[in-house]
Amino acid sequence: MPKISVIVPIYNAEKYLERCVKSLIAQTFHDIEILLIDDGSTDASSILCARLKKEDSRIRILHKPNGGLSSARNAGMRKAQGKYIGFVDSDDDVDSDMFASMLEKAENNEADFVMSDYIRILSNGERMLASTDLRTGVYEKADLKREIYPALIMGENVDYGPILSVWNCMYNREFLKANNITFADDVIWSEDNLFSAIVGYCANRFVYMKGKGLYHYYQNPGTITTSYRPGALEVYKKMNHYLKEFFQERNDYDFRRQLKLNMIYYACNTVRMECGNAENFREANQNVKMILRDPQIVNAFQNFRLPSV
């Protein structure tokens, strides 16, 4: 059995896939399996997968009908055999020591998950370290409650908390399994917000590797994070509903304000997208009114004191 399973969801990634997989093949820690999950690609991605597999026997390929990023990651989790699981997006790559470094921290501290910083690479090639305000080191349960829970779902600055993306983390597979943590197949955008909030709540110990930009995130034009998303509000409402199902009645911490902030954040996000996509002021005005009159949005604002941001 491999020590680490690295899951790479793929959809029409022929332009970047080889760069991504080559960075995994080059890992200084060799006892890994590389799970290439072809999520119904219509370009040459499947051909590339087959060619890369010939170069390295640690590569396993799964072809599946298109179901989105969450569905592809879940398919990889079901196939994973390693003690630990990592996720790498097919248009990114990683430092050659990423999984060796994370494994050392995970094993030495018996951590449920490990998180590093990452390098953001802009379209012009500029590179910058993306970090958080968290201190480096080990977080026990009491530390998590004191330092992570206050912004686990959404911070008072109406922005994500410090634990968000999954690709700069490595997880103990038994921890995920024991807590039944998977991705919601029907949450096709901002899926990490839901997954990571539950991980952060359930973890008893995690390690933060501050200052280590082990993951390389490429800000490619036209990616999900930079493009218009038709039907986004319904997806965000569904995600908020799942968050409420999990967090609403927790008796060890009151997450109700964060749940409302989460819905307000995504309402504002949707308003921004609709205004930017509308052909004229009238269309934008109609779309914004429709968003703000949605019962779930109205409920989020009801009897709610907005933060000073």
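This is a predicted model: local features need pLDDT of at least 70, side-chain atom pairs count only at pLDDT 80 or more; totals for chains, interfaces and linings use all residues.
Reader: Why is Gln302 called partly exposed?

Author: Gln302 has a relative accessibility of 45%, and since partly exposed covers the range between the buried limit of 20% and the exposed limit of 50%, Gln302 therefore counts as partly exposed.

Reader: How far is Gln302 from Asn251, counted along the chain and between C-alpha atoms?

Author: Gln302 and Asn251 are 51 residues apart along the chain, and their C-alpha atoms are separated by 23 Å.

Reader: How do you know what span is expected of helix H8?

Author: Helix H8, residues 232-247, has 16 residues, and at 1.5 Å a residue the expected span is 22 Å, to which the reach of 22 Å from its first C-alpha to its last is close.

Reader: Which residues of H8 are called buried, and what covers them?

Author: The buried residues of H8 include Ala232, Leu233, Val235, Tyr236, Leu243, Phe246 and Phe247, a label that requires under 20% relative accessible area; the elements covering the buried residues of H8 include helix H7 (191-202), helix H9 (256-277), helix H10 (281-292) and helix H11 (295-301).

Reader: What makes up the lining of the second largest pocket, by class?

Author: The lining has 7 nonpolar, 3 polar and 1 charged residues, among them Phe183, Leu194, Ile198, Tyr242, Glu245 and Phe246, around a volume of about 230 Å³.

Reader: Which helix gives the most to that lining?

Author: H7 and H8 each supply at least two residues, and H8 gives the most, with 3 residues.

Notes. Residues are numbered from 1 along each chain as its sequence is written. Side-chain values use heavy atoms; hydrogens and water are left out. Helices (H or I, at least four residues) and strands (E, at least two) are DSSP runs, numbered from the N terminus. The expected span of a helix is 1.5 Å times one less than its number of residues. Buried means under 20% relative accessible area, exposed over 50%, partly exposed in between (1.4 Å probe, protein chains only). Contact means heavy atoms within 4.5 Å. On a 1 Å grid over the protein atoms alone, a cavity is a set of points where a 1.4 Å probe fits but cannot get out, and a pocket is an open set with protein on both sides within 12 Å along at least five of seven lines; lining residues have an atom within 4 Å of a point. Grid points are joined across faces, edges and corners, and a volume is the space filled by probe spheres set on the points. Ala, Val, Leu, Ile, Met, Phe, Trp, Tyr, Cys and Pro count as nonpolar, Asp, Glu, Lys and Arg as charged, and the others, Gly among them, as polar.
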